[in-house]
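Here's a quick briefing to read alongside the model. Have a look at the structure first, then go through the notes by topic.

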Amino acid sequence: MVDLKAAENGELDFHYQHLDKDGQVRIGKCHSFPNILENGKIELQEKWQWLNGDLSSGESVVVEK
């Protein structure tokens, strides 16, 4: 399940559920900044945080394949 909201500038805010390898449900939130690369592919720079468990946070980059 994903709860997604997109801003006019293309930024995304969403909450998600994740089932880890031990079968535990993790819940998180993410803010993504889109960028169009020179080759036309989309790159998302993301700031995320787990909302249960250890409450850790981090940053990721996702690039269209």
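Start with Phe-14, which sits in strand S2; strands here are DSSP E runs of at least two residues, helices are H or I runs of at least four, and both are numbered from the N terminus. Phe-14 is buried at a relative accessible area of 16%, where buried means under 20%, exposed over 50% and partly exposed in between, using a 1.4 Å probe and protein chains only. This is a predicted model, so local features need pLDDT of at least 70 and side-chain atom pairs count only at pLDDT 80 or more, while totals for chains, interfaces and linings use all residues. Residues are numbered from 1 along each chain as its sequence is written, and side-chain values use heavy atoms, with hydrogens and water left out.

**The chain overall**

- The chain has five strands and zero helices, so reading from the N terminus you simply get β-β-β-β-β.
- Its C-alpha atoms fill a box of roughly 40 × 25 × 20 Å along the principal axes.
- Of the 65 residues, 17% count as buried.
- The accessible surface is about 5,100 Å², and carbon and sulfur atoms account for 52% of that; the areas come from the Shrake-Rupley method with a 1.4 Å probe, and for residues only the protein chains shown count as cover.
- Among contacts with a separation of 6 or more, 15% link residues 24 or more positions apart, a contact being heavy atoms within 4.5 Å.

**Phe-14 and the core**

- The largest nonpolar core has five residues: Leu-12, Phe-14, Tyr-16, Cys-30 and Trp-50. To count as a nonpolar core, buried Ala, Val, Leu, Ile, Met, Phe, Trp, Tyr and Cys residues must be joined through side-chain atoms within 4.5 Å.
- Strand S2 (residues 12–19) supplies the largest share of this core, with three residues.
- Two core members, Phe-14 and Cys-30, are 16 residues apart along the chain, and their C-alpha atoms are separated by 5.4 Å.

- Glu-46 belongs to strand S4 (residues 42–50).
- Glu-46 is buried but has no salt bridge, and the nearest side chain of opposite charge, Lys-47, is 12 Å away. For charges, Lys and Arg count as positive and Asp and Glu as negative, with His and the chain ends not counted.
- What does the side chain of Glu-46 make a polar contact with? It pairs with the side chain of Ser-32, at 2.8 Å. A polar contact is a pair of N or O atoms within 3.5 Å; within protein, one must be able to donate a hydrogen and the other to accept it, and residues adjacent in sequence count only if both atoms are side-chain atoms.
- Ser-32 lies in strand S3 and is buried, at 0% relative accessibility.

**Glu-11**

- Glu-11 is in the loop between strand S1 (2–6) and S2.
- Glu-11 counts as partly exposed, with a relative accessible area of 22%.
- A polar contact of 2.8 Å joins its side chain to that of His-31.
- The C-alpha atoms of Glu-11 and Phe-33 are separated by 4.9 Å, with the two residues 22 apart along the chain.
- Not counting residues up to four places away in sequence, Glu-11 also touches Lys-5, Ala-6 and Pro-34, among others.

**The salt bridge**

- How many salt bridges does a search of the whole structure find? There is one, and it pairs the side chains of Arg-26 and Asp-54 at 3.3 Å, N to O. The criterion is a side-chain nitrogen of Lys or Arg within 4 Å of a carboxyl oxygen of Asp or Glu.
- Arg-26 lies in strand S3 (residues 25–36) and Asp-54 in the loop between S4 and strand S5 (57–63), so the pair ties together parts that are 28 residues apart in sequence.
- Arg-26 is buried, at 17% relative accessible area, whereas Asp-54 is exposed, at 55%.

**Leu-55**

- Leu-55 sits in the loop between S4 and S5 and is partly exposed, at 46% relative accessibility.
- Leu-55 isn't a glycine, yet it has a positive phi of about 60°. Most residues other than glycine have a negative phi.
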